[in-house]
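Here is a short tour to read alongside the model. Take a look at the structure first, and then we can go through it together.

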There are 2 protein chains.
Amino acid sequence: MPQFAKSLEGITGSAIRDLFKLLCAGDVTSFGGGNPSASSFPVSQIKNILDELIEEKGPELLQYAATEGYAPLRAAVSEHMLKPRGVFAPDSCILPTTGSSQAIDLICRAYIDPGDAVLVESPTFLGALQTIRISGAKLVSVPGDAEGVLPDELERLMALHRPKLFYCIPTFQNPSGRTLGLARRKRIAELAQAYDVLVVEDDPYYALRYRGEEVAPIKSFDADDHVMLLNSFSKTMSPGMRVGVAVGPADALRKMVILKQGCDAITPPLMQAVAAEFLARGLMPAQLARIRPEYARRLDAMLDAIDAHFPAACVRTKPEGGLFVWIECPGLDTLALLPRATCEAKVAYIPGVHFYAEADAPRHTLRLNFSGCPIEDIPAGLERLGNLMKDELARGS
Amino acid sequence: MPQFAKSLEGITGSAIRDLFKLLCAGDVTSFGGGNPSASSFPVSQIKNILDELIEEKGPELLQYAATEGYAPLRAAVSEHMLKPRGVFAPDSCILPTTGSSQAIDLICRAYIDPGDAVLVESPTFLGALQTIRISGAKLVSVPGDAEGVLPDELERLMALHRPKLFYCIPTFQNPSGRTLGLARRKRIAELAQAYDVLVVEDDPYYALRYRGEEVAPIKSFDADDHVMLLNSFSKTMSPGMRVGVAVGPADALRKMVILKQGCDAITPPLMQAVAAEFLARGLMPAQLARIRPEYARRLDAMLDAIDAHFPAACVRTKPEGGLFVWIECPGLDTLALLPRATCEAKVAYIPGVHFYAEADAPRHTLRLNFSGCPIEDIPAGLERLGNLMKDELARGS
């Protein structure tokens, strides 16, 4: 066989997938994935919409179509997802993508030559790390605190590395659950303009808020077209539909369209149309009202169990929404602990080390997901994990 | 705004899309696209299958899933599309993709470093040319005749350029309509092994045969895992579903899975499942029996009209299937003629120049599509085009 591209050397598969091969047979309670609850999907509404769409415009929706996307979806996103959040974008600035993950890939391919710098939060979403690595970029981590990245650090690193992109998840961040404060968002928009950096604002969780006040997106403070906002239907409606949307500078979207022509050419029009109809029929508010309380209960069950059972030295985040809680446990190597966790305690999580761009990533963090696990399994699973962590700490001391 | 990637310099949008901006307002008969006829889509069967799938396993099909693809689709493809053609592949050698175009992109990204050589037929599919160009490859054209590429030329160019890939469309080629003969297919499989080249056998049209004998795919002669066969549901069922499938070496597919994790992560499971059910229920033979005669009539109408109305100097191919006829018209610049064709003769086609990798591409060829145009419009449209071509030739002489 011919040799693979040199540019892919060192690129391995998703750490999550590899980790889960570690899962022993048997009844493991998994806090490891990032899946929404299957019970959150509006199955019968999707079925009805699909029926009507195929009845009314089946041939159109089964045909090739413009790479630029299904016009009613762009209109519905603008009306229902952007304007209410202070983002006013013409159609030429809205591009449906095959999930937000495709948008990240297209942006990287549009901007990155090997060696270009990309700033990311520390920690950040491991899927984005993989996509950015594949593009050949040099990843640079921006430190943060409980309110997200530190703007002064961001400015320093922008000045130092002159990056093309800053990738961030401002709301209920994956993996930390943190939300970037309003003042920092405004400052980030200003810094993007000052240092000529495109901010990739990946915001798939914003609608999953269980308490506290909504915060306007960075994009709403973007005076000079330096922010690309990514939204998705994956967490609110269905990830299997693979419908996301990128909202940003028209020039950048044109380049992304050219690249998308050479990838999948179009996001399946039927899937785009289901998302569009769901929004246009005004079904999203009731959908969110249905799923938020259930997720809030799971989050609270998780926080209570952590507080009750985890070692005293552990620090956890206090997410107001999203799908994840982040734990720091000084003295514990969470990667080394995982085999015992899955095989002895019958609990899975993601070791935090996978969410860092830096080579010397801290080993004492872990991510817990509460959306993919039945609420009744949360307290006992976390009690087992907490006891294992205490045991491991006692061994080590 | 930050600068776009240098690697994309010179990469422009799809020539087809740009060309169609030339279309004057009014009633233009288009032989320019490559769309299947919307009347060919099995709309009500797709509707019924979707209904049942969502009823029976909606939550599963709306959830995240393995990047490796929906297992029943891989099984159905093996049973109904591969085994009958002499291709025996385990599941680990079958990867569903978001259209075949995604497969081409993933293969290029898996293998190509900038400057690596890729051999292509001359002419070849312009979408593939764009995708391969984006990868940074050096494109090298392999000359052919009425039976496809010339194996001795292929061998010479393999020895000279040591390419990683040879991309070809063996059956009812886009744009030429030609079919590669059996002996040449065997020879190509041997050359791939001898020169350690991966043959990318893009075969979306094979089932659209209207006359003549079926020819086994190159993959069926692949003794040593040097052929990646791409098939698609786009021409036989629905392009909007975006379901294709790559069949090839397990190592290569594993690399493509890693890359796909960083693009769209999964091909929408609902779309994969519809394709799987359509095959598993045995609906494809009747579907093909329904659409082939209609396409055959359109092809014959096109060939008759070309023979009746085009200039005597024109040479056309004699396709036994597929969607395209290819014309060579010595003395005519088909790119320069296009504005007159669309505005005066009210007929669109694709100038052949866009289908060549070489810089000094011939200017006297054009591609005609017969699937996207009602049969009753074919004779009159081609008469107008033929008259225009004669007029243009008379002007030039």
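Let's begin with one strand pair in chain A: E11(A) and strand E12 (residues 324-328) run antiparallel and share two bridges. Strands here are DSSP runs of type E with at least two residues, helices are H or I runs of at least four, and both are numbered from the N terminus; two strands pair if DSSP finds at least two bridges between them. Within this pair, Val315(A) sits opposite Glu328(A) of E12(A). The pair belongs to an open, antiparallel sheet of four strands, ordered E11-E12-E15-E14 in chain A. Its edges are strand E11 (315-316) and strand E14 (350-351) of chain A, each pairing on one side only.

This is a predicted model, in which local features need pLDDT of at least 70 and side-chain atom pairs count only at pLDDT 80 or more, while totals for chains, interfaces and linings use all residues. Residues are numbered from 1 along each chain as its sequence is written, and chains are lettered from A and ligands numbered from 1 in the order in which they are written.

Chain A as a whole has 12 helices and 15 strands.

Next comes the interface, where 65 residues of chain B meet 65 residues of chain A (a contact means C-beta atoms, placed from the backbone, within 7 Å). On the chain B side, H2(B) gives the largest share, 10 residues. The elements giving two or more residues to that side are these:

| Helix of chain B | Residues |
|---|---|
| H2 | residues 43-62 |
| H4 | residues 99-111 |
| H5 | residues 126-134 |
| H8 | residues 250-261 |
| H9 | residues 269-280 |

Conventions. Contact = placed C-beta atoms within 7 Å.
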